[in-house]
Amino acid sequence: MKLRSFIVGLVISFSTVVSASTGQQIFESKCSSCHGVNTDISVAPILHGRKTEYLRKQLNDFKKGKRPDLLMDGQMVAVASELSLEDIGAVTSYLEGLEPCDFPKESADLPGDIEAGRRKAAACLSCHENWNPGLRAPNLFAQRQSYLVHTLGAFKSKSRKNSYTMTSQARRLSKMDMQDIGAFFSSVSVCE
Ligand code: HEC
Ligand code: HEC
């Protein structure tokens, strides 16, 4: 009995190690040119520290044609289509373990008022502040403001239509609301 659980434990820890290193390899070879810390491409969202379940759903949505890539002309859809389910599991687990601490701040000239955004985002926090596994609303703190404004606009125009909840949330927001809310969420640091 003891030997058996030892072997089971060994197999589990071995497969965790394998998937972490494959996840890192996939990220470095296929994703970091757009999603890495040292990239010039600042339109792509920061994936570091986002929950596996959320990232996995998005990759599957890109793969199945439920979510377009409007920022980079479909390149994200093409990348996702090449990933197997195992690849998706490995790369998303790797990403969840990273911290979004070293990304350069976006330009201070972006329009948006952090204090106004804090007030306007109060209603969003019930879903977005703490991870709820049933709801799967991603954490938005420290995300790029320009990406948040882009994707809220895409929910509102229904070009991104992979969430009924968010389509109805974004419907009520003006462009200025999106800029203020984006400024607020991006300003909240999740690092020491
Ligand atoms: C050519 C640049 C590029 C590459 C390479 C790339 N992505 Fe992306 N990715 C993007 C862009 C741009 C978006 C946002 C698209 C949009 O919403 O219009 C995105 C969005 C995403 C999202 C959704 C994030 C969210 O917050 O909703 C996930 C998950 C993702 N990418 C994972 C990956 C993974 C994993 C890889 C590597 C296997 C990868 N990407 C490679 C450009 C890229
Ligand atoms: C009832 C719960 C709920 C409320 C309230 C809510 N959201 Fe969401 N939000 C979600 C869920 C669930 C998702 C994930 C959608 C998906 O799977 O694509 C999401 C996704 C998002 C995204 C996309 C994140 C990314 O990385 O692409 C943004 C931005 C966002 N919400 C902003 C807001 C804002 C701003 C408000 C308030 C005006 C708000 N949400 C209110 C549940 C909610």
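Helices (H or I, at least four residues) and strands (E, at least two) are DSSP runs, numbered from the N terminus. Keep that in mind as you look at helix α4 (residues 85–96), which holds Y94.

**Before you click**

This is a predicted model, in which local features need pLDDT of at least 70 and side-chain atom pairs count only at pLDDT 80 or more, while totals for chains, interfaces and linings use all residues. Residues are numbered from 1 along each chain as its sequence is written, and chains are lettered from A and ligands numbered from 1 in the order in which they are written.

**Stop 1: the whole protein**

Show the protein as a cartoon. You will find nine helices and zero strands. Along the sequence, the pattern reads α-α-α-α-α-α-α-α-α.

Now colour by pLDDT, which is the predictor's confidence in each residue, from 0 to 100. The average for the protein is 90, and 89% of the residues score at least 70. Which element has the lowest mean pLDDT, and which the highest? The lowest mean belongs to α1 (73), and the highest to helix α5 (residues 114–120), at 98.

Two residues are in contact if their C-beta atoms, placed from the backbone, lie within 7 Å. Of the contacts between residues at least 6 apart in sequence, 77% join residues at least 24 apart.

**Stop 2: ligand 1**

Select ligand 1 and the residues near it (near means that the C-beta atom, placed from the backbone, lies within 6 Å). The ligand is surrounded by 23 residues, the closest being C31, C34, L71, Q75 and M76. Two or more residues of this shell come from each of α1 (2–35), α2 (52–63) and α3 (75–81). With six residues, α1 gives the most.

Ala, Val, Leu, Ile, Met, Phe, Trp, Tyr, Cys and Pro count as nonpolar, Asp, Glu, Lys and Arg as charged, and the others, Gly among them, as polar. Around ligand 1 there are 16 nonpolar, five polar and two charged residues.

**Stop 3**

Is A80 buried or exposed? A residue is buried if 20 or more other C-beta atoms lie within 10 Å of its own, exposed if 12 or fewer, and partly exposed in between, with C-beta atoms placed from the backbone. A80 counts as buried because it has 20 C-beta neighbours inside 10 Å. Setting aside neighbours within four places in sequence, A80 is in contact with L59, F62 and K63. Draw a C-alpha to C-alpha distance from A80 to F62: the two are 18 residues apart in sequence and 6.3 Å apart in space.

Next, step to D73 in the loop between α2 and α3. D73 has a phi near 55°, a positive value in a residue other than glycine. It is exposed, because 10 other C-beta atoms lie within 10 Å.

**Stop 4: back to Y94**

Return to Y94 in helix α4. Y94 has 23 C-beta neighbours inside 10 Å, so it counts as buried. Select Q25 as well: Y94 and Q25 are 69 residues apart in sequence, yet 9.7 Å apart in space, C-alpha to C-alpha.

**Stop 5: ligand 2**

Select ligand 2, which has 22 residues around it; the closest are C124, C127, A137, S163 and Q169. At least two residues of the shell come from each of α6 (122–128), α7 (145–156) and α8 (164–171). The largest share, five residues, is supplied by α6. This shell has 13 nonpolar, seven polar and two charged residues.

**Stop 6**

Hide everything except α7 and α8. These helices pack at an angle of about 100°, with their axes 8 Å apart. α7 is therefore roughly perpendicular to α8 (the term covers angles of 65 to 115 degrees). On the α7 side, the contact uses L152, F155 and K156, and on the α8 side M166, T167, A170 and R171.

**Last stop: G182**

Finish in helix α9 (residues 175–187), where G182 is found. G182 counts as buried because it has 28 C-beta neighbours inside 10 Å. Leaving aside neighbours within four places in sequence, what is G182 in contact with? The residues are G112, Q145, L148 and V149. G182 and G112 are 70 residues apart in sequence and 7.3 Å apart in space, C-alpha to C-alpha.

Methods
Axes fitted to C-alpha atoms, helices over the stretch in contact; angles between N-to-C directions. Parallel < 35°, antiparallel > 145°, perpendicular 65-115°, else oblique.
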